[in-house]
Amino acid sequence: MPFGEIVCGSPGSGKSTYCYGKYQLFTALKRPISVVNLDPANDALPYPCAIDISSLITLQDVMDQHGLGPNGGMLYCMEYLEANFDWLEERLQELGDDAYVLFDLPGQVELSTNHESVKHIVEKLTKLSFRLAAVHLCDAHYITDASKYVSVLLLSLRAMLQLELPHINVLSKIDLISQYGDLEFNLDFYTEVQDLSYLENTLNAALPPRFAALNMAMISLVEDFGLVGFETLAVEDKNSMLNLTHVIDRATGYVFVPPADSNQPPETIEQHNAAPAVRPNTYALFSSAAAPLKGPGSDVRDVQERWIDSKEEYDAFEKREWRKEGEMVRDEAARAGKIRERKAKGSSDTDMEL
Ligand SMILES: Nc1nc2c(ncn2[C@@H]2O[C@H](COP(=O)(O)OP(=O)(O)O)[C@@H](O)[C@H]2O)c(=O)[nH]1
Ligand SMILES: [Mg+2]
């Protein structure tokens, strides 16, 4: 059964970089991974691409042939892909049943909030038995300003309602957040979307009084749905990537997939009929896979400490660790070189003796 992620978000939110980061991480973890580029305007792809929409259609061709601008052209490309879904289906089938596919979407937000084509493509993928989650990236910069934060809440809510998938909103580039000055609240206020009425004063101070009622209506809309929350991501930080991966694996159900090389427990008739106390406890598997996340970066307070409260100390610590690691690798290489040299010398001495 193939699994996948619909990676969406505004232009520049970090979608392609995330796909590349995940490709590198999964390759290191020996997990299957393929990246599908569905952005016809993406010309310099950072990752090795398994399927590229550019071999079906390019934005430039559409603009030239139909006299469309970039936004209209993009909608045309997505409608064209929907109409030619068999092109995508054929190529996805070649990736096999075990595939884990990242779909790198174009950044036009209307594609995942209003327009129907991406929604229909997602439905068709689900019919092909893909287990999908939407990963919606939002630049963490948005939380530095109350009105931008409300806009990103509305955008995320709209995408959740439109795509109808298990959905993970992510504040991307969290490593840059301390550069934008002090936040008004701790990070968990924004990620857990806590009592939004605290934003009232800031919002009303920034806008003319006639918008006050509108501000409060938008806030209560988000609160009434009670759906929006955020994970965080610093794409170059291993802990951050691993934590997000775990959250996504739980949303798609990948946590229940055993590793390819794991042994099946021998299912014997005796075990089947045995008393509950001696049977393998399948519930333990479920409860541990779905248990609260543990590990560095799994708690938003750790993220606050790493990237906001003590960023400089952590950066310096990591630099020291990397240097130590580099020295170890260099020493190891030098030692291996010396051993090789000695062996080569030994064998030539023996040759001479003979
Ligand atoms: N510091 C930092 N920069 C990032 C991160 N993710 C992406 N970027 C940068 O953000 C810019 C836009 O990223 P890109 O992946 O092209 O965005 P896309 O338009 O959503 O595909 C690039 O310059 C990336 O290097 C991150 O986690 N941290
Ligand atoms: Mg991109």
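Q: Where is Asp 182 in the chain?
A: Asp 182 sits in the loop between strand 6 and helix 8. Bear in mind that this is a predicted model.

Q: Is Asp 182 buried or exposed?
A: Exposed, because Asp 182 has 7 C-beta neighbours inside 10 Å, and 12 or fewer counts as exposed.

Q: How far is Asp 182 from Ile 308, in sequence and in space?
A: Asp 182 and Ile 308 are 126 residues apart along the sequence. Their C-alpha atoms are 8.7 Å apart in space.

Q: What else is in that loop? Where does Lys 173 fall?
A: Lys 173 is in the loop that runs between strand 6 (167-172) and helix 8 (187-191).

Q: And is Lys 173 buried or exposed?
A: Buried. Lys 173 has 22 other C-beta atoms within 10 Å. The cut-off for buried is 20 or more.

Q: What about the backbone of Lys 173: is phi positive or negative?
A: Positive, about 55°, and Lys 173 is not a glycine. Most residues other than glycine have a negative phi.

Q: What is phi at Val 193?
A: Val 193 has a positive phi of about 50°, and Val 193 is not a glycine either.

Q: Where is Val 193?
A: Val 193 is in the loop between helix 8 and helix 9 (200-206).

Q: Buried or exposed, for Val 193?
A: Val 193 is buried, with 20 other C-beta atoms within 10 Å. The limit is 20 or more, so Val 193 qualifies.

Q: Switching to Asp 145. Which loop holds Asp 145?
A: The loop between strand 5 (131-139) and helix 7.

Q: How many C-beta atoms are around Asp 145?
A: There are 16 others within 10 Å, so Asp 145 is partly exposed.

Q: How far is Asp 145 from Leu 183?
A: Their C-alpha atoms are separated by 8.5 Å. Along the chain, Asp 145 and Leu 183 are 38 residues apart.

Q: Helix packing next. At what angle do helix 7 and helix 10 cross?
A: Roughly 40°. The axes of helix 7 (residues 146-163) and helix 10 (residues 212-225) come within 10 Å. Helix 7 and helix 10 are therefore oblique to each other.

Q: Left-handed or right-handed, for helix 7 and helix 10?
A: The crossing of helix 7 and helix 10 is left-handed.

Q: Which residues make that contact?
A: From helix 7, Val 150, Leu 153, Leu 154 and Leu 157. They meet Met 218, Ile 219, Val 222 and Phe 225 of helix 10. By class, the contact of helix 7 with helix 10 has eight nonpolar residues, no polar and no charged ones.

Q: How do helix 3 and helix 6 cross?
A: At roughly 25°, with the axes of helix 3 (residues 70-83) and helix 6 (residues 116-127) coming within 9 Å. That makes helix 3 roughly parallel to helix 6. Their crossing is left-handed.

Q: Who meets whom between helix 3 and helix 6?
A: Met 78, Glu 79, Leu 81 and Glu 82 in helix 3 meet Ser 117, Val 118, His 120 and Ile 121 in helix 6. The contact of helix 3 with helix 6 has four nonpolar, two polar and two charged residues.

Q: And helix 2 with helix 3: what is the angle there?
A: Roughly 110°, and the axes of helix 2 (residues 59-66) and helix 3 come within 9 Å. That makes helix 2 roughly perpendicular to helix 3. Helix 2 contributes Leu 59, Val 62, Met 63 and His 66. Helix 3 contributes Pro 70, Gly 73, Met 74, Tyr 76 and Cys 77. The contact of helix 2 with helix 3 divides into seven nonpolar, two polar and no charged residues.

Q: Now the ligand. How many residues surround ligand 1?
A: There are 16. The closest are Gly 14, Lys 15, Ser 16, Thr 17 and Val 235.

Q: Which helix gives the most to the shell around ligand 1?
A: Helix 1 (residues 15-29), with three residues.

Q: What classes make up the shell around ligand 1?
A: Five nonpolar, eight polar and three charged residues.

Q: Last one, the whole chain. How many helices and strands?
A: The chain has 15 helices and seven strands. Buried residues make up 31% of its 354 residues. Of the contacts with a separation of 6 or more, 75% link residues 24 or more positions apart.

Notes: Residues are numbered from 1 along each chain as its sequence is written. Chains are lettered from A and ligands numbered from 1 in the order in which they are written. This is a predicted model: local features need pLDDT of at least 70, side-chain atom pairs count only at pLDDT 80 or more; totals for chains, interfaces and linings use all residues. Helices (H or I, at least four residues) and strands (E, at least two) are DSSP runs, numbered from the N terminus. Axes are lines fitted to C-alpha atoms, for helices over the stretch in contact, and angles run from 0 to 180 degrees between N-to-C directions. Angles under 35 degrees count as roughly parallel, over 145 as roughly antiparallel, 65 to 115 as roughly perpendicular and the rest as oblique. A crossing is left-handed if the near helix is turned anticlockwise from the far one by less than a right angle, and right-handed if clockwise. Two residues are in contact if their C-beta atoms, placed from the backbone, lie within 7 Å. Ala, Val, Leu, Ile, Met, Phe, Trp, Tyr, Cys and Pro count as nonpolar, Asp, Glu, Lys and Arg as charged, and the others, Gly among them, as polar. A residue is near a molecule or strand if its C-beta atom, placed from the backbone, lies within 6 Å of it.
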